[in-house]
Amino acid sequence: MDEVFRSLRLYVLLQRASARGAMQYRLNTVVGILSGAIWQGTGFAFIWVVMHTFPSLAGWGLAEIAFLYGMRLTAHALAMIPLMSVNDIQWVVRNGEFDRFLLRPLNPLVQLMGNRMGIAQFGDLLVGAGLLIVAGQNAQIQWNAWIITFCFLAIVGGALIEAAFFLALCSLALRMIDTFALRVFVDDVFSKFGSYPMKIFGGVTEWLLTFVLPVAFVAYVPASVVLGKLDTPWALAAPLLGVVLVALAYLMWRRQLDHYQSVGH
């Protein structure tokens with residue numbers, strides 16, 4: 001446990017240093033955040049246009065889908081802000097930089113995560129949180145302490161689910177060198193399918209997005225509980241899935257690390 005707290009403390013210090021470095025180029029930082037916000041804003045703008053043509057999708061109105069979109073986007077941002085530098089793993093491995101991480105008395109994953117902070121993802125977070133606040137006021141949700149707590153835990157759980165798949169795919173780069181295309185594909189599935197009610201896909205696709213690649217558990221299932229559209233007991237366990245998956249992803253990382261060979265061999 002002492003090692004865990006030590007790693008967390010050092011990770012925070014590394015991220016602080018990264019943030020200070022980013023703030024040396026303030027305009028670049030602002031542009032990065034705005035670009036992330038604009039990119040995600042245009043994504044929701046497309047949904048807004050669609051909803052004006054079709055006022056209801058699988059029984060979901062605009063405010064409800066906005067809440068779903070905001071929950072998914074907030075979870076995505078929370079997953080990627082600390083993990084964005086892990087996305088560079090193929091270059092770190094190819095250039096031999098990962099060998100330096102192995103020589104230092106600190107978890108290599110913590111060092112990799114601390115390389116840089118996801119700047120554009122703060123734009124994602126702003127848009128996601130904004131949609132949650134606005135949609136939460138217009139979707140006729142019966143807010144109480146339980147719903148607020150569940151919503152918070154669901155967002156954290158959704159972030160852990162995305163982080164787990166991202167980390168697992170990145171860990172494969174320790175042996176396969178480049179898994180970028182696969183990571184982009186999985187990220188696209190989470191972002192494009194996760195922002196809509198699963199019912200509109202139906203049949204096999206809905207089942208695959210729920211029980212094979214658990215996109216539905218990032219936002220759709222929790223949002224359905226908050227909006228009163230789903231009340232089955234298993235849905236309440238959605239936040240716990242993220243904890244289980246991120247633990248498995250870390251074990252996978254450790255397994256791939258054991259088989260890592262320097263690019264010079």
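**Core and helix packing**

Modeller: The largest nonpolar core has 78 residues, and those with the most contacts inside it are Phe67, Met71, Val86, Ile89, Phe98, Leu174 and Trp253. A nonpolar core is a set of buried Ala, Val, Leu, Ile, Met, Phe, Trp, Tyr and Cys residues joined through side-chain atoms within 4.5 Å. Buried means under 20% relative accessible area, exposed over 50%, partly exposed in between (1.4 Å probe, protein chains only).

Biologist: Which helix gives the largest share of this core?
Modeller: Helix α8 (residues 145-171), with 14 residues. Helices are DSSP runs (H or I, at least four residues), numbered from the N terminus.

Biologist: What are the ground rules?
Modeller: This is a predicted model: local features need pLDDT of at least 70, side-chain atom pairs count only at pLDDT 80 or more, and totals for chains, interfaces and linings use all residues. Residues are numbered from 1 along each chain as its sequence is written, and side-chain values use heavy atoms, with hydrogens and water left out.

Biologist: What is Val86 in contact with?
Modeller: Leaving aside neighbours within four places in sequence, Val86 contacts Leu109, Leu112, Met113, Phe166 and Cys170. Contact means heavy atoms within 4.5 Å.

Biologist: New topic. Is Ala135 buried or exposed?
Modeller: Buried, with a relative accessible area of 4%. Ala135 is in helix α7.

Biologist: What does Ala135 touch?
Modeller: Ala63, Ala66 and Phe67, not counting residues up to four places away in sequence. The C-alpha atoms of Ala135 and Ile65 are separated by 8.4 Å, yet these residues are 70 residues apart along the chain.

Note on methods:
Helices (H or I, at least four residues) and strands (E, at least two) are DSSP runs, numbered from the N terminus.
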